[in-house]
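Hi everyone, thanks for making time this morning. I'd like to walk you through one model, from the overall fold down to a few single residues. Have a look at it first, and then we'll start.

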Amino acid sequence: MKREQWGSRAGFILAAVGSAIGLGNIWRFPYMAYENGGGAFFIPYLFAMLTAGIPFMLMEFSLGHKLRGAAPRTFSKIGVKLEWLGWFQVFIAAIIAVYYVAVIGWAISYFSYSFTQSWGSDTNGFFFSEYLKLGENSPTKLGSLQLHIAIPMVLAWGITFAAIFGGVKGGIERANKILMPLLFIMVMGLITRIVFLPGALDGLNYLFQPDFSKIMDAKVWSAAYGQIFFTLSVGFAIMIAYSSYLPEKSDINNNAFMTVLINCGFSITAGVLIFGVLGYMAQEQAKPITEVVSAGVGLAFVTIPAAINLLPAPYILGPLFFLALVVAGLSSHISIIEAVTSALIDKMNWSRKKAASIVCGVGFIVSLAFATNGGLLLLDLIDYFINNVALLTSCLIELLVIGWLFKAADVRSYANNISEFCVGKWFEICIRFLSPIMLAVILSTNLINTFK
Ligand code: PHE
Ligand code: NA
C-alpha cells in the first residue's frame with residue numbers, strides 16, 4: 001500500500017508546528033525563563049536551539065523523509081538491531097499521551113468555568129480540593145474515578161481520535177489547519193489587550209531582565225536543553241512519523257528551520273502574555289511579582305484563574321486563554337497519538353482505522369488513572385521522570401546512533417540535495433560532538449540529583 005502523504009507543504013508545517021507548540025510553551029517556558037536568569041536564559045536557550053534543536057529537527061525530518069517509516073521501522077532500517085530505539089521512543093510518547101490528555105481535560109473544564117469565573121476567589125482551594133478532590137476528606141488513592149474530570153477527557157480523546165482516524169491529510173492536516181490559525185488569532189487577541197494593562201510592562205521587565213550571574217550555572221543550561229527537546233517534540237518518534245508522510249519533493253532544511261523558529265517565537269510570545277498578566281496582577285494586589293509567579297499546573301490552574309478574576313472583561317479573556325491552552329494541547333496530543341498509531345500500522349499491518357481505535361481506546365482507559373484523586377501525584381512523578389531522564393536518554397542515544405553509525409554527513413548531504421539552501425559542516429559538529437557531550441553531562445547531573 002502506498003504511504004499516506006500530506007496534502008500541501010503548509011499542511012505539513014502546520015502539523016509539525018502544531019505538535020511543537022503545546023502546553024509546554026504556555027506554562028513551562030515563561031517560568032523556566034524567569035527562574036533561570038530571566039533575560040540571560042535566552043543565551044543558553046538560543047544556543048541550545050541553534051546547536052541542538054535545529055540540527056535534531058533537520059535530522060528527524062531527513063530520516064522520516066528518506067526511510068519512510070514510523071520510528072521503529074526507521075531505526076530498524078538503519079540497523080536491524082536498532083528497532084528497540086524506535087519502540088522506546090514510542091513508549092515514551094504513549095506515556096506522555098496519557099498524562100498530557102489529562103491536563104487538556106482540566107483546561108476544558110476551566111474553559112467552561114471561565115465564563116463566570118466559577119472557581120471563586122480561592123483559586124488554590126478550588127483547584128486542589130474541589131476540582132481535583134485532594135484533601136483531608138479524600139485520601140489520595142487511585143481507585144476513585146472523578147466523573148467531572150473524566151468527561152472532558154472523553155471530549156479531548158474524541159477530537160484526537162477523529163483526527164487520527166481521518167488519516168494524515170483528511171484528519172491530522174485538516175485538524176491543524178483549523179486549530180493553529182485559531183490559536184494564533186486567540187493569542188494575538190489576548191496579547192494586544194494584556195500589554196496595555198497597568199503593571200504589564202513591569203511583568204515583562206522581570207521576564208527579560210538578565211541576571212548574568214546565572215549563566216555559569218549548570219542548572220540553567222540543563223533547563224535550556226531540556227526545554228528545547230520537549231518543546232520541539234523531538235526524540236519521541238513524533239517528527240519522524242510526521243516527516244515520513246512528506247512528498248518526494250520537500251525542502252527539508254527550510255521546513256526544519258521554520259518549525260523550530262515558529263515554535264520558539266511562540267514561546268517568547270507566550271512569555272510576554274503570561275508575564276504581562278502576572279505584572280498586572282502584582283500591581284493590583286500591591287505585591288512584588290516574585291510572590292505571584294508560579295509554575296506548571298499551579299500557574300495555569302491557580303494563578304491564571306486568580307488573575308482572570310482581576311481582569312477587565314474576564315468572561316472574554318478567560319475563555320480565550322483556556323481555549324488557547326486546549327487548542328495548543330490538542331494539536332500536540334494528536335501528534336503523540338500519531339507517533340504510536342503509525343508505529344503499529346507499520347509493524348502489525350493494521351489498517352489506520354483499526355490502529356487508531358485500539359490506540360485511542362487503550363489510551364483512554366489508561367488515562368482514566370489521572371481522573372482519580374491520585375492523578376496529580378502520579379502526573380508529577382511521571383512528568384519529572386520524562387523530562388529529566390527518559391527524554392534526554394532517548395535523544396542522546398539517537399544522536400550517537402545517527403552521528404556515529406549512520407553518519408551525520410550522509411544525513412546532511414541527503415537534506416542538502418533536496419533543499420533550496422544548504423547547511424554547513426556545523427551540522428555534523430553539533431550532532432556528533434557538541435550535543436551528545438552536553439546531553440551526557442546534563443543527564444548524568446540529573447541522575448545524580450535524582451538518586452541523591
Ligand atoms: N512540544 C509540546 C509542548 O511544548 C509537548 C509535546 C511533548 C508534544 C511531547 C509532543 C510530545 O507542549
Ligand atoms: Na513546544
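Let me begin with a definition: the radius of gyration here is taken over C-alpha atoms, and the globule rule is 2.2 Å times the number of residues to the power 0.38. For 452 residues that rule puts a compact globule near 22 Å, and the protein chain has 21 Å, so the two agree. Please keep in mind that this is a predicted model.

Now the overall picture. The protein chain has 17 helices and zero strands. Along the principal axes, its C-alpha atoms fill a box of roughly 60 × 50 × 45 Å. Of the 452 residues, 50% count as buried. If you take contacts with a separation of 6 or more, 86% of them join residues 24 or more positions apart.

On to the core. The largest nonpolar core has 154 residues, and those with the most contacts inside it are Met57, Ala93, Ala97, Tyr225, Ala237 and Ala339. Helix α5, residues 83-114, gives the largest share of this core, 19 residues. What does Met57 touch, leaving out residues up to four places away in sequence? Its partners are Leu232, Val234, Met239, Ala256, Thr259 and Val260.

Helix α14 covers residues 314-348. Its 35 residues should span 51 Å at 1.5 Å a residue, and its end C-alpha atoms are 50 Å apart, which agrees. Of those 35 residues, 26 are buried, so α14 is largely enclosed by the rest of the structure. Just after α14, Asn349 takes a positive phi of about 60 degrees.

The other is α8, residues 168-194, with 27 residues. From first C-alpha to last it reaches 37 Å, close to the 39 Å expected. Its buried residues include Glu173 and Asn176, along with Val168, Leu179 and Ile194. And which helices do the buried residues of α8 pack against? They are α1 (9-20), α7 (147-165), α9 (200-208), α12 (252-284) and, once again, α14.

Ser233 sits in the loop between α10 (218-232) and α11 (238-243), while Ala313 is in the loop between α13 (296-310) and α14. Are they buried or exposed? Ser233 has 28 other C-beta atoms within 10 Å and is buried, since 20 or more is the cut-off. Ala313 has 10 C-beta neighbours inside 10 Å, so it counts as exposed.

Ser233 comes back when we turn to ligand 1. This ligand is surrounded by 15 residues, and the closest are Gly22, Gly24, Thr231, Ser233 and Ser332. The elements giving two or more residues to that shell are α1, α2 (23-35), α10 and α14. By type, the shell divides into seven nonpolar, eight polar and no charged residues.

Last stop, Leu299, in helix α13. With 20 C-beta neighbours inside 10 Å, Leu299 counts as buried, because the cut-off is 20 or more. Leu299 and Arg28 are 271 residues apart along the chain, yet their C-alpha atoms are separated by 9.0 Å. Beyond residues up to four places away in sequence, Leu299 touches Trp27, Tyr31, Ser294 and Ile304.

Note on methods: Residues are numbered from 1 along each chain as its sequence is written. Chains are lettered from A and ligands numbered from 1 in the order in which they are written. This is a predicted model: local features need pLDDT of at least 70, side-chain atom pairs count only at pLDDT 80 or more; totals for chains, interfaces and linings use all residues. A nonpolar core is a set of buried Ala, Val, Leu, Ile, Met, Phe, Trp, Tyr and Cys residues joined through C-beta atoms within 7 Å. A residue is buried if 20 or more other C-beta atoms lie within 10 Å of its own, exposed if 12 or fewer, and partly exposed in between; C-beta atoms are placed from the backbone. Helices (H or I, at least four residues) and strands (E, at least two) are DSSP runs, numbered from the N terminus. Two residues are in contact if their C-beta atoms, placed from the backbone, lie within 7 Å. The expected span of a helix is 1.5 Å times one less than its number of residues. A residue is near a molecule or strand if its C-beta atom, placed from the backbone, lies within 6 Å of it. Ala, Val, Leu, Ile, Met, Phe, Trp, Tyr, Cys and Pro count as nonpolar, Asp, Glu, Lys and Arg as charged, and the others, Gly among them, as polar.
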